[in-house]
Amino acid sequence: MTDRRPDDAWSGLGTGWAIVSTLIAGMLTLGLVGWLVDTLVGTDHVFLAVGIVLGGAGGVYTVYLRYGRGDQ
């Protein structure tokens, strides 16, 4: 029942959702931290933008470490 065929159209759906959710979670988490820093410091969404960009970069790096390496 759990045997997966590589030619199955749905075989990579779980991996795709895991990648998308990792990227979104990184951007949301560091974006929230940036928003909190903006609120405490009193700046106008500077750290929010920096947090979203760093969260996206961290998410891409995490996805690379988890799924992108060839030494699995």
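I began with contacts (heavy atoms within 4.5 Å). Of those in the chain with a separation of 6 or more, 53% join residues 24 or more positions apart.

I noted the ground rules next. This is a predicted model, where local features need pLDDT of at least 70, side-chain atom pairs count only at pLDDT 80 or more, and totals for chains, interfaces and linings use all residues. Residues are numbered from 1 along each chain as its sequence is written, and side-chain values use heavy atoms, with hydrogens and water left out.

**Overall make-up**

Helices (H or I, at least four residues) and strands (E, at least two) are DSSP runs, numbered from the N terminus. I then checked burial (buried is under 20% relative accessible area, exposed over 50%, partly exposed in between; 1.4 Å probe, protein chains only). Buried residues are 12% of the 72 in the chain. The accessible surface is about 5,800 Å², and carbon and sulfur atoms hold 68% of that. These areas come from the Shrake-Rupley method with a 1.4 Å probe; for residues, only the protein chains shown count as cover.

**Helix H2**

The 23 residues of H2 should span 33 Å, and the end C-alpha atoms lie 31 Å apart, so the two agree. Which residues of H2 are buried? I listed Gly51, Gly55, Gly56, Gly59 and Val63. They pack against H1.

**Ile19**

I went to Ile19 in helix H1. Its relative accessibility is 24%, so I logged Ile19 as partly exposed. Beyond its neighbours within four places in sequence, Ile19 contacts Val63 and Tyr67. Ile19 and Tyr67 are 48 residues apart along the chain, yet their C-alpha atoms are separated by 8.4 Å.

**Nonpolar patch**

A nonpolar patch of about 770 Å² is made by Leu30, Val33, Val37, Leu40, Val41, Val46, Phe47, Val50 and Leu54. Helix H1 (13-41) and helix H2 (46-68) are the elements that give two or more residues to this patch. H1 gives the most, with 5 residues. Patch residues have over 30% relative accessible area and no salt bridge; like charges are joined within 9 Å, nonpolar side chains (Val, Leu, Ile, Met, Phe, Trp, Tyr) within 5 Å. A salt bridge is a side-chain nitrogen of Lys or Arg within 4 Å of a carboxyl oxygen of Asp or Glu. Leu30 has a relative accessible area of 36%, so it counts as partly exposed.

Methods. The expected span of a helix is 1.5 Å times one less than its number of residues.
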